[in-house]
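Here is a short report on a sheet and the helices around it. Please look over the sequence and the model before reading on.

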Amino acid sequence: MAAMEAESGVRKIVATPHCNIPGYFDNYFDEMYLNAYRRAREAINRERIPVKLLPGAEVFATYDLAELIVKKKIMPLNQSRYILIEFSFDENPDFANAVIKNVQEIGVKPVIAHVERYEFIQDAPKIAAEWAAKGCVLQVNKGSYTGRFGRHAETTAMSLLKKGLVSVIASDAHGAEHRTPFMLDAYDHLKKCCSQKELDMLFRENPERICSDRPILRKRSAL
């Protein structure tokens with residue numbers, strides 16, 4: 001996967017394993033996490049793949065998420081104030097809003113994972129606009145722009161992009177054969193509708209800013 005990223009021009013990868021999934025596993029930040037991260041980084045270096053692996057997690061939203069963050073059980077994106085948060089695809093929007101409010105109150109900057117795939121966002125995109133206006137970072141999967149996640153996700157992803165609400169496009173990769181980390185397919189696809197400046201912001205500048213704990217760039221006002 002790292003070699004595939006390098007082939008598509010990527011030089012830094014944030015590893016975001018699933019975390020805090022009720023009924024399945026916790027995968028909190030601990031010595032086991034650190035050992036896995038070190039082994040992966042060493043393997044990339046040993047193979048001389050020209051990418052740098054950074055730590056992170058894709059954190060499932062639960063009522064106690066803010067408490068878990070305070071207890072330092074959650075790994076932010078490269079140890080920044082940004083935390084990648086995902087919801088159930090059929091989540092109640094009131095619950096999602098409550099979680100976002102709670103984590104922002106403790107100083108976290110939420111990066112909302114694959115925002116275009118949530119049913120309530122597909123039904124009411126104005127919720128995504130409200131999140132962006134409150135300072136959330138909206139991330140869209142690159143596969144949504146190429147139809148990987150169905151018509152509704154693709155339509156929502158394009159709508160959010162045209163409205164200037166998308167701040168980051170990421171791979172959400174799960175393997176080297178399916179849902180791969182190769183980024184050029186989406187990048188080339190979006191050349192048809194995005195300027196070079198916008199592509200740089202979505203694929204390079206904002207990811208870099210998040211990893212270095214700096215404010216992101218926005219195309220224009222979200223509302």
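## Pairing in the sheet

Two strands count as paired if DSSP finds at least two bridges between them. Strand 5 and strand 6 (residues 109-112) meet that test: four bridges join them, and they run parallel. Tyr-82 stands opposite Lys-109 in strand 6. This is a predicted model.

Strand 5 also pairs with strand 4 (residues 58-60). Three bridges join these two strands, again in parallel. Glu-58 stands opposite Leu-84 in strand 5. Val-59 stands opposite Ile-85.

What is the strand order of the open sheet? It is 2-4-5-6-7-8, six strands with parallel pairing. Strand 2 (18-19) and strand 8 (168-170) stand at the edges. Each has a single partner strand, so one side of each is left without a neighbour in the sheet.

## Crossovers around strand 5

Strand 4, helix 3 (residues 65-70) and strand 5 make a β-α-β unit, and this unit is right-handed. From strand 5 the chain crosses through helix 4 (residues 93-105) to strand 6. That β-α-β crossover is right-handed.

## Strand 5: buried or exposed?

Strand 5 covers residues 82-86 and is mostly covered: five of its five residues are buried. Buried here means under 20% relative accessible area.

In a regular strand the side chains alternate between the two faces of the sheet. In strand 5, Tyr-82, Leu-84 and Glu-86 point one way. Ile-83 and Ile-85 point the other way. All of these residues are buried, Glu-86 among them.

## Helix 7

Helix 7 (residues 151-162) has twelve residues. How far does helix 7 reach from its first C-alpha to its last? The span is 17 Å, close to the 16 Å expected at 1.5 Å a residue. After the helix comes Gly-164, whose phi is positive, near 75°.

Which residues of helix 7 are buried? They are Ala-153, Thr-156, Ala-157, Met-158, Leu-160 and Leu-161.

Note on methods:
Residues numbered from 1 in each chain as written. Predicted model: local features only at pLDDT ≥ 70, side-chain atom pairs only at ≥ 80, totals over all residues. Heavy atoms only, no water. Buried < 20%, exposed > 50% of the residue type's maximum accessible area, 1.4 Å probe, protein only. Right-handed = clockwise from strand over helix to strand, strands pointing away. Expected span 1.5 Å × (residues − 1).
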